[in-house]
Amino acid sequence: MTVQLKVLQELPSDLDRNCLPFHVAVIMDGNGRWAKHRGLPRIMGHQRGVDTLKDLLRCCRDWGIPALTAYAFSTENWGRPLEEVEFLMTLFERVLRRELKEMMTENVKIRFVGNLSALPVSLQEEIERSMDETKNNTGTQFTVATNYGGRQEIIQACREIATLVQQGKINPEDINESLFEHHLYTSGIPHPDLLIRTSGEMRLSNFLLWQMAYAEIYVTHTLWPDFDRKHFHLALQAYQKRDRRFGKI
Ligand code: IPE
Ligand code: IPE
Ligand code: MG
């Protein structure tokens with residue numbers, strides 16, 4: 001066990017260092033089912049899911065993957081029972097407060113994307129603080145999508161651009177992909193190369209709709225709290241076998 005963990009601290013030798021994804025995005029799904037299988041309340045799955053994310057972030061650093069984005073809460077997740085939603089909001093706040101120091105020592109730059117103004121004020125404050133304190137860090141670029149919806153993001157960008165046109169600051173002909181990207185929450189973050197979804201569901205669930213245009217999609221049946229470096233290794237192996245053509249031949 002110890003030997004295996006030690007080996008996995010370094011990039012597995014069968015992976016090509018020059019062909020790693022720059023940016024990995026994850027849909028962390030299956031927390032509820034993980035808990036249910038154990039006869040535990042769903043929230044225990046969320047709690048365990050935090051450890052998985054922490055290790056994946058560290059793994060990205062260890063293996064030389066510069067950017068990681070995690071889907072933590074969707075605009076549709078408000079439709080869950082109030083006590084689960086409240087637990088998640090409190091969990092996010094608690095984890096952020098607890099992990100900030102370590103993110104500083106590990107040189108992580110954290111950024112949140114989504115409609116943050118609708119989150120509880122105390123969580124917003126913690127988010128602001130973590131983004132501000134880590135803004136000059138140069139290590140892993142860690143993005144957390146919270147109260148995030150891809151459709152909402154696109155509509156919000158359209159509104160901003162329409163306002164610029166209305167104010168006469170730009171002409172409709174000036175609207176192109178690069179200008180549009182500039183108005184997305186993820187402005188400045190390169191598009192994901194690899195999307196991993198756990199728990200076997202074959203859907204995007206409103207995640208990074210624009211940005212995912214050419215992402216390689218990898219779905220595993222493993223539930224998020226069980227997803228570890230061995231599973232990440234498998235995902236990267238699969239990624240390295242893909243032929244990314246981007247529409248060419
Ligand atoms: C993903 O796990 C975590 C969040 C959406 C916050 P789920 O809570 O969706 O777990 P399942 O899909 O019900 O098992
Ligand atoms: C996607 O998972 C959202 C997050 C992981 C935060 P869901 O569990 O909400 O997605 P659906 O309902 O299976 O599509
Ligand atoms: Mg789910």
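Q: Which helices each supply at least two residues of the shell around ligand 1?

A: This is a predicted model. A residue belongs to a shell if one of its heavy atoms lies within 4 Å of the ligand. In this structure α2, α3 and α4 each supply at least two residues of the shell around ligand 1. The most comes from α2, with three residues.

Q: Which of the 13 residues around ligand 1 come nearest?

A: Met28, Asp29, Arg33, Arg42 and Arg80 come nearest to ligand 1. By class, the 13 residues divide into three nonpolar, five polar and five charged.

Q: How much of the accessible area of ligand 1 does the protein cover?

A: Ligand 1 has 380 Å² of accessible area on its own, and the protein covers 87% of that.

Q: Which residues are around ligand 2?

A: The shell around ligand 2 consists of Ile27, Met28, Asp29, Tyr71, Ala72, Phe73, Asn77, Arg80, Arg197, Arg203 and Ser205. Strand β2, residues 67-74, gives the largest share, three residues. Sorted by class, this shell has five nonpolar, two polar and four charged residues.

Q: Which side chains have an N or O atom within reach of an oxygen atom of ligand 2?

A: Read the distances one by one. The side chain of Asn77 has an N or O atom 2.9 Å from an oxygen atom of ligand 2. For the side chain of Arg197 the distance is 3.4 Å, and for a polar side-chain atom of Arg203 it is 2.8 Å. The protein covers 78% of the 390 Å² of accessible area that ligand 2 has on its own.

Q: What shows where empty space is left?

A: Rolling a probe the size of a water molecule over the atoms shows this. Here the largest pocket holds about 870 Å³ of space. Its lining has 40 residues, and the closest to its centre are Met28, Leu53, Tyr71, Ala72 and Phe92. Two or more lining residues come from each of α2 (31-37), α3 (42-63), β2, α4 (82-105), β3 (109-113) and β4 (141-148). The lining has 20 nonpolar, nine polar and 11 charged residues.

Q: How many cavities of 30 Å³ or more does the structure hold?

A: A cavity is a space where the probe fits but cannot get out, whereas a pocket is open. The structure holds one cavity of 30 Å³ or more. About 40 Å³ of space lies in the largest cavity. Its lining residues are His23, Thr69, Val113, Thr143, Thr186, Ile189, Pro190, Pro192, Leu208 and Gln211. By class, five are nonpolar, five are polar and none is charged.

Notes. Residues are numbered from 1 along each chain as its sequence is written. Chains are lettered from A and ligands numbered from 1 in the order in which they are written. This is a predicted model: local features need pLDDT of at least 70, side-chain atom pairs count only at pLDDT 80 or more; totals for chains, interfaces and linings use all residues. Side-chain values use heavy atoms; hydrogens and water are left out. A polar contact is a pair of N or O atoms within 3.5 Å; within protein, one must be able to donate a hydrogen and the other to accept it, and residues adjacent in sequence count only if both atoms are side-chain atoms. Accessible areas come from the Shrake-Rupley method with a 1.4 Å probe; for residues, only the protein chains shown count as cover. Helices (H or I, at least four residues) and strands (E, at least two) are DSSP runs, numbered from the N terminus. Ala, Val, Leu, Ile, Met, Phe, Trp, Tyr, Cys and Pro count as nonpolar, Asp, Glu, Lys and Arg as charged, and the others, Gly among them, as polar. On a 1 Å grid over the protein atoms alone, a cavity is a set of points where a 1.4 Å probe fits but cannot get out, and a pocket is an open set with protein on both sides within 12 Å along at least five of seven lines; lining residues have an atom within 4 Å of a point. Grid points are joined across faces, edges and corners, and a volume is the space filled by probe spheres set on the points.
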